[in-house]
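The following report describes one protein chain, heading by heading. Please keep the sequence and the model in view while reading.

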Amino acid sequence: VKPDDVVFVFARQESDDRMPLAALRRPAAELPFEFELTDRNAMIKDRLLSDRKEVIVTARVSRNGKAGDNSLQLGATSKPVSTSGSARVELTIVSGIQAGEVGDE
């Protein structure tokens, strides 16, 4: 990972694996970093984290700065996480992630 690569962290409904509910973008130079996903990070105003019971949190590293870029095949995903309270998720980014696939934590 190069410092100018980009790390995307996003939350998805378990049943909806394409469009994230919430997302954030950080430079890879900040790794490791702490993050918080809330309704303020919503991708669409009427699809809020607070309206869901559980989400899956994913991280992916992009070389070109685009969220859909998986050319580096670096990523991580959580098991389903409750959106109530203040659940902590630790993701370890690993290599070998194919397009459309995310590795387990």
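Is Glu30 buried, partly exposed or exposed? Glu30 counts as partly exposed, because its relative accessibility is 37%; the class "buried" means under 20% relative accessible area, "exposed" over 50%, and "partly exposed" in between, with a 1.4 Å probe and protein chains only.

## Basis of the model

This is a predicted model, in which local features need pLDDT of at least 70 and side-chain atom pairs count only at pLDDT 80 or more, while totals for chains, interfaces and linings use all residues. Residues are numbered from 1 along each chain as its sequence is written, and side-chain values use heavy atoms, with hydrogens and water left out.

## Overall architecture

The protein has six strands and zero helices, and its elements run β-β-β-β-β-β from the N terminus on. Helices (H or I, at least four residues) and strands (E, at least two) are DSSP runs numbered from the N terminus. Of the 105 residues in the protein, 38% are buried.

Several pairs of residues bring separate parts of the chain together. Val1 lies in the segment before E1 and counts as exposed, with 60% relative accessibility; its C-alpha atom is separated by 8.8 Å from that of Leu74, 73 residues apart along the chain. Gln13, in the loop between E1 and E2, is partly exposed at 21% relative accessibility. The C-alpha atoms of Gln13 and Pro80 are separated by 8.7 Å, the two residues being 67 residues apart along the chain.

## Salt bridges

A search of the whole structure finds two salt bridges, a salt bridge being a side-chain nitrogen of Lys or Arg within 4 Å of a carboxyl oxygen of Asp or Glu. Asp5 and Arg63 form one of them, with their closest N and O atoms 2.7 Å apart. Asp5 lies in the segment before E1 and Arg63 in the loop between E3 and strand E4 (74–77), so this pair ties together parts that are 58 residues apart in sequence. Asp5 is buried, with a relative accessible area of 1%, whereas Arg63 counts as partly exposed at 37%.

Glu30 and Arg26 also meet through their side chains in a salt bridge, at 3.3 Å from N to O. Arg26 counts as partly exposed, at 25% relative accessibility.

## The largest pocket

The largest pocket has a volume of about 830 Å³. Of the 29 residues that line this pocket, Phe35, Glu36, Leu37, Ala87 and Val89 are the closest to its centre. On a 1 Å grid over the protein atoms alone, a pocket is an open set of points where a 1.4 Å probe fits, with protein on both sides within 12 Å along at least five of seven lines, and lining residues have an atom within 4 Å of a point. Grid points are joined across faces, edges and corners, and the volume is the space filled by probe spheres set on the points.

Strand E1 (6–12), strand E3 (54–62) and strand E5 (81–82) each supply at least two residues of the lining. By class, the lining has 17 nonpolar, seven polar and five charged residues; Ala, Val, Leu, Ile, Met, Phe, Trp, Tyr, Cys and Pro count as nonpolar, Asp, Glu, Lys and Arg as charged, and the others, Gly among them, as polar.

## Surface patch

Met19, Met43 and Ile44 make a nonpolar surface patch of about 240 Å². Such a patch consists of residues with over 30% relative accessible area and no salt bridge, with nonpolar side chains (Val, Leu, Ile, Met, Phe, Trp, Tyr) joined within 5 Å; accessible areas come from the Shrake-Rupley method with a 1.4 Å probe, and for residues only the protein chains shown count as cover. Met19 is found in the loop between E1 and strand E2 (22–27), and at 33% relative accessibility Met19 counts as partly exposed.

## Backbone features

Most residues other than glycine have a negative phi, and most peptide bonds are trans. Leu31 and Pro32 are joined by a cis peptide bond, with omega about -10°, and Pro32 is found in the loop between E2 and E3. Glu34 has its place in the loop between E2 and E3 and is exposed, with a relative accessible area of 62%.

Gln73 is not a glycine, yet has a positive phi of about 55°. Gln73 is placed in the loop between E3 and E4 and is partly exposed, with a relative accessible area of 28%.

Notes: Patches are made of residues with over 30% relative accessible area and no salt bridge: like charges are joined within 9 Å, nonpolar side chains (Val, Leu, Ile, Met, Phe, Trp, Tyr) within 5 Å.
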